[in-house]
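Welcome! Please take a look at the picture first, and then read on.

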Amino acid sequence: MSTGRDPGLQPERTRLAWRRSMLALTVVTALAVRLGSTGDAVGALAAGGTVLVWGALLVLCWPRGTGTGPARTGGRTLPLVALGTVALAGLGVLLALRGLW
């Protein structure tokens, strides 16, 4: 009987999931910057906020997505990514409402 644990493909699936998350965040950020680049101050602030949130989330997701080790947040990565996602959604709503007026 072996005492070691065989993780199988789980580490690879985890890395791929974090990479998909980073790619989705990058696409959302690019779309927000495009929507916010119409020239008014609200759009520019929302686009700038989106880029800041994207940068923070990229720093959180990068170690897990590249397999270079666990995140340096002491186990708080998922709640911080969830908070960042909610912030991006709020900025997206702000950009959409700005476009409607």
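A nonpolar core is a set of buried Ala, Val, Leu, Ile, Met, Phe, Trp, Tyr and Cys residues joined through side-chain atoms within 4.5 Å. Buried means under 20% relative accessible area, exposed over 50%, and partly exposed in between (1.4 Å probe, protein chains only). With those terms in hand, the largest nonpolar core here has 13 residues. Those with the most contacts inside this core are Leu25, Val53, Leu57, Cys61, Val81 and Leu88. Each of α1, α2 and α3 supplies at least two residues of this core, and the largest share, five residues, comes from α2. In soluble globular proteins, nonpolar side chains tend to be buried together.

**How to read the model**

- This is a predicted model, in which local features need pLDDT of at least 70 and side-chain atom pairs count only at pLDDT 80 or more, while totals for chains, interfaces and linings use all residues.
- Residues are numbered from 1 along each chain as its sequence is written, and side-chain values use heavy atoms, with hydrogens and water left out.
- The predictor's confidence in each residue is given by pLDDT, on a scale from 0 to 100.
- The chain has a mean pLDDT of 77, and 86% of its residues reach 70 or more.
- Confidence is highest in helix α1 (residues 10-36), at a mean of 82, and lowest in helix α3 (residues 77-100), at 77.
- Where pLDDT is low, the predicted coordinates should not be read in detail.

**The overall build**

- The chain has three helices and zero strands, in the order α-α-α along the sequence.
- Helices (H or I, at least four residues) and strands (E, at least two) are DSSP runs, numbered from the N terminus.
- What span should the 27 residues of α1 have? At 1.5 Å a residue they should span 39 Å, and the end C-alpha atoms are 39 Å apart, which agrees; the expected span is 1.5 Å times one less than the number of residues.
- Of the chain's 101 residues, 26% count as buried.

**Inside the fold**

- Contact means heavy atoms within 4.5 Å.
- Among contacts in the chain with a separation of 6 or more, residues 24 or more positions apart account for 66%.
- In α1, the buried residues include Trp18, Met22, Leu25 and Thr29.
- Thr29 counts as buried because its relative accessibility is 6%; beyond residues up to four places away in sequence, Thr29 touches Thr50, Val51 and Trp54.
- Thr50 lies in helix α2 and is buried, at 2% relative accessibility.
- Leaving aside neighbours within four places in sequence, Thr50 is in contact with Thr29, Ala32, Leu88 and Leu91.

- Trp62 lies in helix α2 (residues 41-66) and is partly exposed, with a relative accessible area of 49%.
- The C-alpha atoms of Trp62 and Arg19 are separated by 8.0 Å, although these residues are 43 apart along the chain.
- Arg20 and Gly65 are 45 residues apart in sequence and 8.5 Å apart in space, C-alpha to C-alpha.
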